[in-house]
Amino acid sequence: MTSQAEPIATGVPAQAIVAEIKKLGVDHVVCIPDSYQKTLIALIRDDPAFRFMIACTEDEAIGINAGLYMGGKNPMLVIQNNGIFASINTIKAIALDAKIPTLMLVGQFQRDPMIAMEENRSRAVRMVEPTLDTWGVPSYRLEGSQDIGNIEKAYRTAHETMGPAAVIVGAPTT
């Protein structure tokens, strides 16, 4: 593993993420608690612009997302990398096969921001993007504030393709 003097991924201010998802008209956020995104989760939970919902599993969150979308709402998910692996069948069945726009902010639990994701010791960190690629799920990285526009790209992709898109959050939100 190569280590750098400067981190590869830096925490993005949660306020910037909230502003971005407000611009997109997101009105419901379905969450599986994620320590990487706890600052973001706290802001969303307390913001009256959003209906904040906690699900028990990622499978459940994807189902809730689909119901909200079919009911005319504009939801998104906040989950973590391990949840991608746990819910791949539901991603396939609901987001891909049923063609439900599913925007996922995916925290990289156990990510060392000083090294590239591909070099991380955690298999969950290293394999989340290859797993998404295998299933044809577009993903975008949020490695720092310079990548904030990737949230809109993922949102647009999910709605244009009528399927899932993931934003991989590379460092804890600040």
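Mentor: Let's start in the middle: the largest nonpolar core has 26 residues, and Val26, Ile44, Met76 and Leu105 touch the most other members. The elements giving two or more residues to this core are α1 (14-23), β1 (28-31), α2 (38-46), β3, β4, α7 (149-161) and β6. A second, separate core has 21 residues, including Ala61, Leu68, Ile84 and Val128. Keep in mind that this is a predicted model, where local features need pLDDT of at least 70 and side-chain atom pairs count only at pLDDT 80 or more, while totals for chains, interfaces and linings use all residues. Residues are numbered from 1 along each chain as its sequence is written, and side-chain values use heavy atoms, with hydrogens and water left out.

Trainee: What makes a set of residues a nonpolar core?

Mentor: The members must be buried Ala, Val, Leu, Ile, Met, Phe, Trp, Tyr or Cys residues joined through side-chain atoms within 4.5 Å. Helices and strands, by the way, are DSSP runs numbered from the N terminus (helices are H or I, at least four residues; strands are E, at least two).

Trainee: Take Ile44, then. Which residues is Ile44 in contact with, leaving aside its neighbours within four places in sequence?

Mentor: Val18, Ile21, Val29, Phe50 and Phe52. Contact here means heavy atoms within 4.5 Å.

Trainee: Why is Val106 called buried?

Mentor: Buried means under 20% relative accessible area, exposed over 50%, and partly exposed in between (1.4 Å probe, protein chains only). Val106 comes out at 0%, so it counts as buried. Val106 is in strand β4, and beyond four places in sequence Val106 contacts Gln37, Ile79, Gln80, Asn81, Ile84, Ala166, Val167, Ile168 and Val169.

Trainee: How many residues of β4 (residues 102-107) are buried?

Mentor: Six of six, which is how the strand gets called mostly covered. Thr102, Met104 and Val106 point one way, while Leu103, Leu105 and Gly107 point the other way, and all are buried.

Trainee: How do you know that β4 pairs with β6 (residues 164-169)?

Mentor: Two strands pair if DSSP finds at least two bridges between them. β4 and β6 have six bridges and run parallel, so they pass the cut-off. Gly107 has Val169 as its bridge partner in β6. On the β3 (residues 75-80) side, β4 pairs in the parallel sense over four bridges, and Gln80 stands opposite Gly107.

Trainee: And what is the strand order in the open sheet of six strands?

Mentor: β2-β1-β3-β4-β6-β5, with parallel pairing.

Trainee: Why do β2 (51-54) and β5 (139-142) count as edges?

Mentor: Each has a single partner strand, so one side of each is left without a neighbour in the sheet. For β2, four bridges join it to β1, running parallel, and Arg51 in β2 stands opposite His28.

Trainee: What makes α3 and α5 roughly parallel?

Mentor: Axes are lines fitted to C-alpha atoms, for helices over the stretch in contact, and angles run from 0 to 180 degrees between N-to-C directions. Under 35 degrees is roughly parallel, over 145 roughly antiparallel, 65 to 115 roughly perpendicular, and the rest oblique. Helix α3 (residues 58-70) and α5 pack at about 10 degrees, with their axes 9 Å apart, and are therefore roughly parallel to each other. Asp59, Ile62, Gly63 and Ala66 of α3 meet Thr90, Ile91 and Ile94 of α5.

Trainee: How do you know that Thr90 and Asp59 make a polar contact?

Mentor: Their side chains come to 2.6 Å. The rule asks for a pair of N or O atoms within 3.5 Å; within protein, one must be able to donate a hydrogen and the other to accept it, and residues adjacent in sequence count only if both atoms are side-chain atoms. Thr90 sits in helix α5 (residues 88-97) and, at a relative accessible area of 13%, is buried.

Trainee: What about Asn65: buried or exposed?

Mentor: Buried, at 0% relative accessibility. Asn65 lies in α3, and a polar atom of its side chain is 3.2 Å from the backbone oxygen of Pro101.

Trainee: Last one: why is Gln110 called partly exposed?

Mentor: Its relative accessible area is 48%, so it falls in the partly exposed class. Gln110 is in the loop between β4 and α6 (123-134), with a positive phi of about 75 degrees although it is not a glycine.
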